[in-house]
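Open the model in your viewer and keep the sequence beside it. The stops below say what to select and what is found there.

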Amino acid sequence: MTESINSAKLMETRTAMPLFGDDLVVTVDVEGSRQERDYTSLYLLDDLLAETEIQMTLFVTPGAVSAEPELIERWMRDGHVVGLHIHPERLSGGYSEWLSDYEYDEIAAFLDSALETFGTALDTIPSVFRAGRWEYSLRLLRVLDAYDFKIDSSLRPTEHVSEFPAFGLQEIPLTVCSDAAISSLLRNRDISSLPFTIDAYLSRGVTTAVLYAMTVRALMSTSSYTMIAFHDYDLKDPSTFSSVKRYLSRVASVTTPKTIREL
């Protein structure tokens, strides 16, 4: 925990003496509780958005849009970017949770249905996308390009990768920590990198120190941005809510928060 405290103090000192120039991209997969038809966690996310005052990129499932269209419409008015997030097993015609199991026409059918939901409920068509379970594939990119999406953020790489063009889109991957120190620590676990899925660390107290240390390493790198991700449903645990809020506030105070469209 000492490392966590020291890392947090280092980030706090940057307010007075900036050391790095990172853009911070906070992304949230918004899908409600794992329990069917429970979308109360969207209101906890709403509280977090108000308390941190960070404009975030929110990847929202069609089910969440149908359940809470007025709330999501307000998020858009407040300057948050609302994109599409799909878990195919939760949609009509879904037989697998892995999007890469589906053919081009099947993925297109999911998009047709999802875009109809967005258009009807929100009078908007999203142009940014993230696949459930980080199911990135070239087939997916081809379909997204055909539907005129501009940005995809489905790639959770195994080593650090900056944004790059792919077909007609810009691929903006999640940040991962993959330096020599991490590789050495994890060499016996067949893991070469740690993704910035922050809820996985902040929901377990013993790994909070790891996340803060990773964050300092990322901010000291030459990357042009640091992208983090979490889920709305993890905020249902009050301790996790507080930890996420504290982490976001500290990191945002020493970076430049931007939506994914602003990179």
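Keep in mind throughout that the model is predicted.

Start with the whole protein. Of its 263 residues, 52% count as buried. Among contacts with a separation of 6 or more, 66% are between residues 24 or more positions apart.

Next, select residues 104-122, which form helix α5. From first C-alpha to last, the 19 residues of α5 reach 26 Å, close to the expected 27 Å. Now show the side chains of Ile 107, Ala 108, Phe 110, Leu 111, Ala 114, Leu 115, Thr 117, Phe 118 and Leu 122, which are buried in α5.

The crossing of α5 and α6 is right-handed. To see the contact, pick Tyr 104, Ile 107, Ala 108 and Leu 111 on the α5 side. On the α6 side, they meet Arg 139, Leu 140, Arg 142, Val 143, Leu 144 and Ala 146.

Move on to α4. Its buried residues are Leu 71, Ile 72 and Trp 75. Look down the axis of α4: these buried residues fall within an arc of 95°, so they line one face of the helix. In an α-helix there are 3.6 residues a turn, so residues three or four places apart point the same way. Turn to the face of α4 directed away from the buried side, and you find the exposed residues Glu 70 and Arg 77. The cover over the buried residues of α4 includes β1 (23-30), α2 (41-52), β2, α3, β3 and α5. After α4 comes Gly 79, with a positive phi near 100°.

Now select α2 together with helix α10, residues 238-252. Their axes are 10 Å apart, at an angle of about 30°. An angle under 35 degrees counts as roughly parallel, so α2 is roughly parallel to α10. Leu 44, Asp 47, Leu 48, Glu 51 and Thr 52 of α2 make the contact with Phe 241, Val 244, Lys 245, Leu 248 and Ser 249 of α10. The crossing of α2 and α10 is right-handed.

Two loop residues come next. Most residues other than glycine have a negative phi. Glu 53, in the loop between α2 and β2, has a positive phi near 55°. Trp 134, in the loop between β4 and α6, also has a positive phi, about 55°. Which of them is buried, and which exposed? Glu 53 is exposed, because its relative accessible area of 71% is over 50%. Trp 134 is buried, because its 14% is under 20%.

Finish at Asp 199 in helix α8, residues 198-202. Asp 199 is buried, with a relative accessible area of 7%. Beyond its neighbours within four places in sequence, Asp 199 is in contact with Ala 229, Phe 230, His 231 and Asp 234.

Definitions and conventions:
Residues numbered from 1 in each chain as written. Predicted model: local features only at pLDDT ≥ 70, side-chain atom pairs only at ≥ 80, totals over all residues. Heavy atoms only, no water. Helix = DSSP H or I, 4+ residues; strand = E, 2+ residues; numbered from the N terminus. Expected span 1.5 Å × (residues − 1). Buried < 20%, exposed > 50% of the residue type's maximum accessible area, 1.4 Å probe, protein only. Arc of directions from axis to C-beta. Contact = heavy atoms within 4.5 Å. Left-handed = near helix turned anticlockwise from the far one by under 90°. Axes fitted to C-alpha atoms, helices over the stretch in contact; angles between N-to-C directions. Parallel < 35°, antiparallel > 145°, perpendicular 65-115°, else oblique.
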